[in-house]
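The stops below go from confidence to cavities to charged pairs.

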Amino acid sequence: MVLPSGEQYEISAAGYVAVVTESGAALRTLAHHGRALVDGFGEDEMSGGGRGQLLMPWPNRIRDGRYSFGGRDLQLALSDPGHGNASHGLARWAAWTVEEHTGTSVSLTYRVMAQSGYPWTLDLHVLYDLSADGLVVTQTTTNLAPEPAPCASGAHPYLAVGDAIEDLELRLPARTRLVADDRQLPTGTEPVSGPHDFTTARRIGDTVLDDGFGALEHEDGRATTTLVDPATGRGVALWVDERHRWLQIFTPPSDGGRPGIAVEPMTAPADAFNSGTDLVTLAPAGSAGDELSVSWGIHALQQDAAKDR
């Protein structure tokens, strides 16, 4: 018997424990001193709602799965048929190969072969590393093709503090929001305001979000989103490096309970293959610029940190 998400790779350090899966190299669980920091999925389940998956070589949606690059008109499979889009890359359900697995880290690789709609071959690599500073994830995309290739990088973790998000306070260091149509495709940007303004931490309550946020405020090279329970002081933080210029924030519908909130690091926004916004063009294999490497991470806040001292 093979588990729905394949082989399970556990790592631990300084009170942190994580499990990464063969399927999609996904982050299935992450906890600190037994407290869940992400809303993941069970060992006997496949990832639901994109939980923990890596979004490579593009995050979010491409309108109609169509785009043009290098003088060619290309058509991807519509992996989001409900909205008629290509969604979240080509590797989220693939069987990744473990490269190295130690007590505190695991690295996995996957080769994307040239195919209809994406006629370039790429090597994808991810390293999950745990320490007293929490989890650091480094995602690398390398072009193996003899011609330039379009690329963006993303991930799909759900942050969790307790069993529900309504009474939690969210702080999101973003100054702009993507305005989207009914297919969740961007039509423009606007300054954050009203229910979309979390630049100062505030209660989530019944707020419903499925929005891309940009103009991230990086301090010392990191932009940090926090989710905190004000009653206990416990919380979780997700940071992204300066290559990540966007975050997608998604609150699950209330009819199924809302134990977590998706905070998705993205180097480019939805439909970047058409708009060109922050899209990376990887240079031909073997030349300078043939690789994109980005990092993000998650760590516990406040009370749990005291246990390590």
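What is the mean pLDDT of the protein, and what share of its residues reach 70 or more? The mean is 95, and 97% of residues reach 70 or more; pLDDT is the predictor's confidence in each residue, from 0 to 100. This is a predicted model: local features need pLDDT of at least 70, side-chain atom pairs count only at pLDDT 80 or more, and totals for chains, interfaces and linings use all residues. Residues are numbered from 1 along each chain as its sequence is written, and side-chain values use heavy atoms, with hydrogens and water left out.

**Stop 1**

Select residues 304-309. Here pLDDT stays under 50, and the model has 10 contacts beyond four places in sequence (contact: heavy atoms within 4.5 Å). Where pLDDT is low, the predicted coordinates should not be read in detail.

**Stop 2: the largest cavity**

The structure holds four cavities of 30 Å³ or more. A cavity is a set of points on a 1 Å grid, over the protein atoms alone, where a 1.4 Å probe fits but cannot get out; lining residues have an atom within 4 Å of a point. The largest has a volume of about 80 Å³, the volume being the space filled by probe spheres set on the points.

Select its lining, including Asn 60, Arg 61, Leu 178, Asp 210, Gln 248 and Ala 270. Strand 18 (174-180) and strand 21 (210-216) are the elements that give two or more residues to this lining. Strands are DSSP runs (E, at least two residues) and helices are too (H or I, at least four), numbered from the N terminus. Strand 21 gives the most, with three residues.

**Stop 3: salt bridges**

A search of the whole structure finds 13 salt bridges (a side-chain nitrogen of Lys or Arg within 4 Å of a carboxyl oxygen of Asp or Glu).

- Select Arg 51 and Asp 39: their closest N and O atoms are 2.9 Å apart. Both residues are buried (under 20% relative accessible area; exposed is over 50%, partly exposed in between, with a 1.4 Å probe and protein chains only).
- Select Arg 63 and Asp 181: the closest N and O atoms are 3.4 Å apart. Arg 63 sits in strand 6 (residues 61-63), and Asp 181 lies 118 residues away in the loop between strand 18 and strand 19 (186-191). Arg 63 is partly exposed at 26%, and Asp 181 is partly exposed at 23%.
- Select Arg 245 and Asp 278: the closest N and O atoms are 2.9 Å apart.

Note on methods:
1 Å grid on protein atoms, 1.4 Å probe; cavity = no way out; pocket = protein on both sides within 12 Å on 5 of 7 lines; lining within 4 Å.
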